[in-house]
Amino acid sequence: MQTESTLPMQSAETGDPLQTLLLTACLHNPCAYLGMHHSPHGKLVRVFQPHKSRVWVQTSLGFELMQCVHPAGIFEWEGEHLARPYLLRLEDAETRTIDECHDPYAFPMQISGHDLYLFNEGRLYQAYRMLGAHRVKNHGVTGIRFAVWAPNAERVSVVGDFCRWDGRVYPMSIHPDSGVWELFIPDLPAGMLYKYEIRNRTSGAIMLKTDPYASWHELRPNNAAYTPNEGRFDWQDDDWMTRRREAWDWLHAPMNIYEMHAGSWQRHPDGSFLSYRELADQLIPYLSDMGYSHVELLPISEHPLDESWGYQTTGYFAVTSRFGRPEDFMYFVDACHRMGIGVILDWVPAHFPRDSFSLARFDGTALYEHEDPRLGYHHDWGTYIFNYGRNEVKSFLLSSAHYWLTMFHLDGLRVDAVASMLYLDYSRQEGEWLPNRFGGRENLEAIEFLRELNTMVHGEFPGALTLAEESTSWPAVSRPAYLGGLGFSMKWNMGWMNDTLSYMQHDPVHRHYHHNELTFNQLYTYTENFVLPLSHDEVVHGKRSLLDKMPGDAWQKFANLRLLFAYQMTCPGKKINFMGNEFAQGREWGVGQPLDWYLLERAQHRGMQMLSRDLNHLYLTMPALHELDFFPEGFSWIDCHDAEQSVISYLRRARDGSFVLIALNFTPLPRMDYRVGVPEAGRYRELFNSDSTYYGGSNVGNGGNIETTGKPWSGQNDSIVVTLPPLAGIILSRAN
């Protein structure tokens, strides 16, 4: 495809200023010159076809030859018997082939003033139905309606293979008060490559831009969009969607999320990607068997560079074509739902890349971003920051969220880099940022945008979730917007993650000095609805894999990792683990190659996978481990003070009062005859032991029933005496 704009053709001497503007590709209002007009002799039809040698127009008497009135390709016909809508018959100047099509400039614009008003007010949540390319009917004729927001353009054209990428052929018409340009091109089929050619009003610079609202892009490194098919997908997930909307109590339900990168979970032997449909066939049975309730996809919105993992988004309404077409991704989501698995998208409204074909300086000005780099440029990522105070940008982003949840039945959005949105001085030195109107560092427009986003999602998509990756102590992130919060469903607990991984990396002999890193989180656990993340960010960029972070020899590394997973699965909060964690991937994650599945040929890695599976299913089926994740009634310490032996023990409770007891030993020394307080007398049994030989452990534990001793302990009514295995956790319950 052509990647540079067509240079305007110089016109011959003419007294018609509109003709001059057309031939120099500066015509702001093409319908003033092209199309059908009234004349003293009936109707005048004027077309511009620079790549055609002859043109005929359809009348009630048949096709009549139009007169070429300018050698650049302007043709005219005048008469009384014009057909409506009329066809053009076009002879190609090179091949002499003849095609027929309707005249684009014979059709009125379709976008309503009401939609334009809402868009300009920042309240058009379905702007993707107005802007972009859509297969529609206009006066009974099927074609593609194109619409794009470019208020500072002098001229915008649709270009593509169908016009030899010549920006003079299909100039668009503007809605004067909105900055939105529109053109209906009749008879244009699906699957045609197109872009917008934009001429800036002030500088005259010409840019070739990909449609911001396009639903399907060509495969990178190319970046044009395809005209849409917009056929209906036959969804089979009605039961799931109804249950999610009407019956799912996510506050009390188990959520165990498998975070994954679609391009590097698994690949074909030749290194090529699995398609969305192949992922559905291979991934979904694995997730179901392993006991995950949800899968969270690193961004699969379109992006130009594999190495960005999807976080430098250029297609906010487009599923990446790396793995297939939009309907293929619909198949993936539908298949997940039919197997009882939710799908969450990693969504990136915090910043966008500077690629010249995309949003950056879209119409020659800072349209989606800020003009001032102190507000609009992100130094860490080399990207632009959205201007959340601009209404049309709000409509764009809110519509993007609405689109993914509507068109693909997604169950939630994980919003990336929320902290970078909230603070004007995020990762900036003094003098590199501008305060808000009150002199503070808070980004007031971003705060309002996030509140509106979450209100929209929860209001229009009951049961759909929003998860904030927010790394600071900003208050009430997961509290309703009407109470002054940001309105997210949940927040990633970065404090728990940092403290826990810091503690686990200490040599066990030193852990008693750092005991507070295990216990401190209970001081703030119920201030938010927390998710406990062991995510992709912890296994890249020299941070090492989870297994490699663990201290000690090979046996101790695996034992520590098993203990870490037991701790995560029994702590209050929903769960998330990055792919490969579940079987102890040995190396850091790399975007360019699949996970090391061959490791499952080794007993220790198979044992880790078995442990992950058993813990996952225990979490899903044991109400005490998930029903009160967000409520202090669901957790109580038995003993958080045994720093000397690096042991903690606690209770998790369900809404009906049932409970399980967890005891974790963070040293390689077995603790024999260890007394643990229990709230009720009776018999207890060991439900889970991370030191089991099935998982690769030493099989130290507690076989059979354990009787209470009648001795109160640690503030509890009774106690039991147990054996705590080395570097391991056990889960006990009352025996029936």
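**Figure 1. The largest nonpolar core and the residues with the most contacts in it.** In this predicted model, the largest nonpolar core holds 197 residues, of which Y258, W265, F329, F332 and Y368 touch the most other members. A nonpolar core is a set of buried Ala, Val, Leu, Ile, Met, Phe, Trp, Tyr and Cys residues joined through side-chain atoms within 4.5 Å. Buried denotes a relative accessible area under 20%, exposed over 50% and partly exposed in between, with a 1.4 Å probe and protein chains only. Beyond its neighbours within four places in sequence, Y368 is in contact (heavy atoms within 4.5 Å) with W149, P212, Y213, F352, L359, F362, I385, F386, N387, V393 and F396. Another core, of 16 residues, lies apart from the largest one and includes I638, V676, I706 and I720. The model is predicted, with local features requiring pLDDT of at least 70 and side-chain atom pairs pLDDT 80 or more, whereas totals for chains, interfaces and linings use all residues. Residues are numbered from 1 along each chain as its sequence is written, and side-chain values use heavy atoms, without hydrogens or water.

**Figure 2. Two edge-to-face aromatic pairs.** Rings of Phe, Tyr and Trp (its six-membered ring) pair if their centres lie within 6.5 Å; planes under 30 degrees apart are stacked, over 60 edge-to-face and the rest tilted. The count by this rule is 52 aromatic pairs. In one of them, the ring centres of Y258 and Y286 are 6.3 Å apart and the planes stand at 65 degrees, so the arrangement is edge-to-face. This pair links distant parts of the chain, 28 residues apart, with Y258 in strand β17 (residues 256-260) and Y286 in helix α4 (residues 276-290). Helices (H or I, at least four residues) and strands (E, at least two) are DSSP runs numbered from the N terminus. Y258 is buried at a relative accessible area of 0%, and Y286 is buried at 13%. Y403 and W404 also form an edge-to-face pair, at 5.9 Å centre to centre and 85 degrees between the planes. Y403 is buried at 8%, and W404 is buried at 0%.

**Figure 3. Arginine charges over aromatic rings.** A charge sits over a ring if NZ of Lys or CZ of Arg is within 6 Å of the ring centre and within 35 degrees of the ring normal. The charged end of R46 lies over the ring of Y33, 4.1 Å from its centre. For R675 and the ring of W713, the corresponding distance is 5.6 Å.

**Figure 4. The crossing of helices α4 and α14.** The axes of α4 and helix α14 (residues 603-621) come within 8 Å and cross at roughly 70 degrees. Axes are lines fitted to C-alpha atoms, for helices over the stretch in contact, and angles run from 0 to 180 degrees between N-to-C directions. The two helices α4 and α14 are therefore roughly perpendicular, a term for angles of 65 to 115 degrees; under 35 is roughly parallel, over 145 roughly antiparallel and the rest oblique. Y286, S288, D289 and M290 of α4 meet Q609, S612, R613, N616 and H617 of α14.

**Figure 5. Backbone features in loops.** Most residues other than glycine have a negative phi, and most peptide bonds are trans. A cis peptide bond joins R84 and P85, with omega about -15 degrees; P85 lies in the loop between β6 (74-79) and β7 (87-92). H139, which is not a glycine, has a positive phi of about 55 degrees. H139 is in the loop between β9 (132-138) and β10 (141-149) and is exposed at 61% relative accessible area.
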